[in-house]
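Let's take a walk through a protein chain, one feature at a time. Have a look at the picture, then read on.

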Amino acid sequence: GIFLHKEIQMITNYYRDHDGWNGKTTLDIEDGRTLVIRTSKRSIGGGLATSVTAWRRNEDGSNRHVMGFGLGEGDYSERVTLSMPSRITEKLVRQQHETTLTRIGSIRADVRDYYEAQERRAQAREELENSPHATFA
C-alpha cells in the first residue's frame, strides 16, 4: 500500500571499489530475510546492472543466500534493471539505484510471491510423498 515507506527501514550506501561506483541498499523483510539491492558494473557483458537478492539471517548474525540457478528453488535473485551507459559515473549509479528504489513496493511483492510459490510447491511435494497411493520408481 501507500504507507509502505513508514515501516520500511532502508539503509543505502554509495561507494567506490575496484569496479567503480556502487549503490547498495539493505532492508529487512518478513521471515527473517534481508533484501539487498545493488547497482554496479556488470562483470560480464558490461553495462550498469541493478539486482535484488534475498538473504536469510542466521542465528550468529551472518547471512546466507542459496543459489537457485533460475529454477525457482533457492533464494530470490533477479536483475531488475540493466542500462548500457558509455561511462558509469556516480551520478548514473545514484539515478538508476534511486529509480529502482521507487519500485520497492512491487519488488517486495515479487519476492513474497516467489517464496509463496516455493512454499506451495514444497507442500505439494510433501502431500505427494505422504499420499498412500504414491509409488516410487
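## The ground rules

A contact here means heavy atoms within 4.5 Å.

What you see is a predicted model, in which local features need pLDDT of at least 70 and side-chain atom pairs count only at pLDDT 80 or more, while totals for chains, interfaces and linings use all residues. Residues are numbered from 1 along each chain as its sequence is written, and side-chain values use heavy atoms, with hydrogens and water left out.

## The overall layout

The chain has three helices and six strands, and they come in the order α-β-β-β-β-β-β-α-α along the sequence. Both kinds of element are DSSP runs numbered from the N terminus: helices (H or I) have at least four residues and strands (E) at least two.

How many of the residues are tucked away? Of the 137 residues, 31% count as buried. Buried means under 20% relative accessible area, exposed means over 50%, and partly exposed is in between, using a 1.4 Å probe and protein chains only. The chain exposes about 9400 Å², with carbon and sulfur atoms supplying 51% of that. Those areas come from the Shrake-Rupley method with a 1.4 Å probe, and for residues only the protein chains shown count as cover.

## The largest pocket

Rolling a probe the size of a water molecule over the atoms shows where empty space is left. The largest pocket has a volume of about 390 Å³. Its lining is made of 13 residues, and Arg-38, Ser-40, Arg-42, Ala-49 and Ser-51 lie nearest its centre. Strands E3 (33-41), E4 (48-57) and E6 (77-83) are the elements that each give two or more residues to this lining. By class, the lining has three nonpolar, four polar and six charged residues.

On a 1 Å grid over the protein atoms alone, a pocket is an open set of points where a 1.4 Å probe fits, with protein on both sides within 12 Å along at least five of seven lines; lining residues have an atom within 4 Å of a point. Grid points are joined across faces, edges and corners, and the volume is the space filled by probe spheres set on the points. For the classes, Ala, Val, Leu, Ile, Met, Phe, Trp, Tyr, Cys and Pro are nonpolar, Asp, Glu, Lys and Arg are charged, and the others, Gly among them, are polar.

The structure holds two aromatic pairs. In one, the ring centres of Tyr-76 and Tyr-114 are 5.5 Å apart and the planes sit at 85°, so the pair is edge-to-face. This pair links distant parts of the chain, 38 residues apart: Tyr-76 is in the loop between strand E5 (63-64) and E6, and Tyr-114 is in helix H3 (residues 104-130). In the other, Tyr-114 and Tyr-115 have ring centres 5.2 Å apart and planes at 90°, so this pair is edge-to-face too.

Rings of Phe, Tyr and Trp (its six-membered ring) pair if their centres lie within 6.5 Å; planes under 30 degrees apart are stacked, over 60 edge-to-face, and the rest tilted. Together, the ring pairs link Tyr-76, Tyr-114 and Tyr-115 into a cluster. Tyr-76 and Tyr-114 are buried, and Tyr-115 is buried as well.

## Residues tucked inside

Thr-50 lies in strand E4 and is buried, with a relative accessible area of 0%. Beyond its neighbours within four places in sequence, Thr-50 is in contact with residues including Ile-37, Val-80, Gln-96 and Thr-100.

Over in helix H3 you'll find Val-111, which counts as buried at 1% relative accessibility. Not counting residues up to four places away in sequence, Val-111 touches Ile-29, Leu-35 and Tyr-76.

Most residues other than glycine have a negative phi. Asp-31, however, has a positive phi of about 60° although it is not a glycine. Is Asp-31 buried or exposed? At 54% relative accessibility, Asp-31 counts as exposed, and its place is in the loop between strand E2 (20-29) and E3.
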